Amino acid sequence: MLTARNLECIRGEHSLFSDISFSVNSGELMFVGGANGSGKTSLLRLLCGLSSPDGGEILWDGMDIRELGGDYRGVLTYLGHLGGIKDDLTAIENLRISCALANCEIDEDQAADALGQIGLAGREMLPAKVLSQGQRRRVALARLLVVQTKLWILDEPLTALDIAAVGLIKEILEHNLSKGGMVIMTTHQEIVMTAAAVHHLTLS
Amino acid sequence: MIWWIVKRDLLLAMRRRSDVLTTLFFFIIVVSLFPLGVGPEPNILRAMASGVVWVAALLASMLSLGRMFSGDYADGTLEQMLLSPASLAALVMGKAISHWLVTGVPLVLMAPVLGIQYDLPGEALLVLTLSLLLGTPVLSLIGAIGAALTLGLRGGGVLVSILVLPLYIPVLIFGTGAVEASSAGMEFGAHFSILGAFLLISIVFSPWATAASLRISMG
């Protein structure tokens, strides 16, 4: 269970948000909404442990995520605005390396299989620089098919994706939720998903 | 995990050979300019050879520091590295090893050829090459700390040189000292021992310090 208590984030002299509290249990989904610049990405970065909150605490199963360190990072998958895709590497190489970083090594066949499922069949060996924005996004999202982590924190995963891909991502997320995973995501698109519980957090 | 990072960085260097070659050519050109400027006086050239080669190696190694983390920072890979369950210090060690393989090793291999321009005797050439072999990994490891601290800053390139060059001074002194001792017919083993000690200390402390700097820069 991921619990946030009285989170506060200050950027420069102005407070982005304060007094944010929520908890997300197994199988639950949380949408983080709000206008541009309301601090959605900052909140997600806090939840990953990439930056520390200016107030409050974030607990994973009752333990502070800072103290858990590598153990917390082992249950977490984060996809940011930047997909971590290298222009000079092929789709397969990109996927294998990002999985290796997440401590989940896969061979070429598994990588090709995952890329095929996400709709990139036949483009596995192309360098990422010749792929379109949506295809690069799919390469980044292909990691979700391979990793075995429980908590997914996704920052705008649906940008640049076509309708078919949005449907596919919805299925992947629902599958993780049905296995008892948790998803925290931001999106500006209307998307309906089934989950044990769906929370909406709106930042203002 | 170190292996994955090294393999990936070498692959990237292979696909972008121009980055590697510019560093190497910079080294070759700087070292070759001095004999042209100073003139063909063998005694002067022999006396300055080790200093010139070493300073050129420091500058060449520093030139490529900016690229050490900036690419990973710009495309989000660095975020993923920080979120990896593996130890960040180990990943940083992989980055430093690949930086050395890509920029340090070519310099070491070129040094004996360039030393001939300075009329260095055979033994001095060997000592120069060995001193660079021990010293250039230290440059990559210390440089990693500076590169991590200046990540994402405007004018980071100049700042990294101000931060890192003073830390290179001990390596420079003992690297050139070994060659001078050998030219003067003296024992140079002590210089190598100290360079080796620098290498061991930087292997232990630099990945840890670089990992801490990265967390600060990304926080």
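Leu59(A) has Asp64(A) in β5(A) as its bridge partner. This is a predicted model: local features need pLDDT of at least 70, side-chain atom pairs count only at pLDDT 80 or more, and totals for chains, interfaces and linings use all residues. Residues are numbered from 1 along each chain as its sequence is written, while chains are lettered from A and ligands numbered from 1 in the order written.

**Strands of chain A**

Strands (E, at least two residues) and helices (H or I, at least four) are DSSP runs, numbered from the N terminus. Two strands pair if DSSP finds at least two bridges between them.

| Strand pair | Sense | Bridges |
|---|---|---|
| β1(A) (residues 2-11) and β4(A) (residues 55-60) | antiparallel | 5 bridges |
| β4(A) and β5(A) (residues 63-64) | antiparallel | 2 bridges |

Ala4(A) is bridged to Ile58(A) of β4(A). β4(A) and β5(A) make a hairpin with 2 residues between them. Asp61(A), in the turn, has a positive phi of about 50°.

**Helix α6 of chain A**

A residue is buried if 20 or more other C-beta atoms, placed from the backbone, lie within 10 Å of its own. In α6(A) (residues 133-141), 7 of the 9 residues are buried, so the helix is largely enclosed by the rest of the structure. Among them are Arg136(A), Arg137(A), Arg138(A) and Leu141(A). The buried residues pack against β6 (76-79), α4 (91-101), α7 (143-146) and α8 (163-178) of chain A.

**Contact between chains A and B**

Residues are in contact if their C-beta atoms, placed from the backbone, lie within 7 Å. Chain B gives 19 residues and chain A gives 23 residues. On the chain B side, α1 (2-15) and α5 (77-82) each give two or more residues.

Notes:
Buried ≥ 20, exposed ≤ 12 C-beta atoms within 10 Å, placed from the backbone. Contact = placed C-beta atoms within 7 Å.
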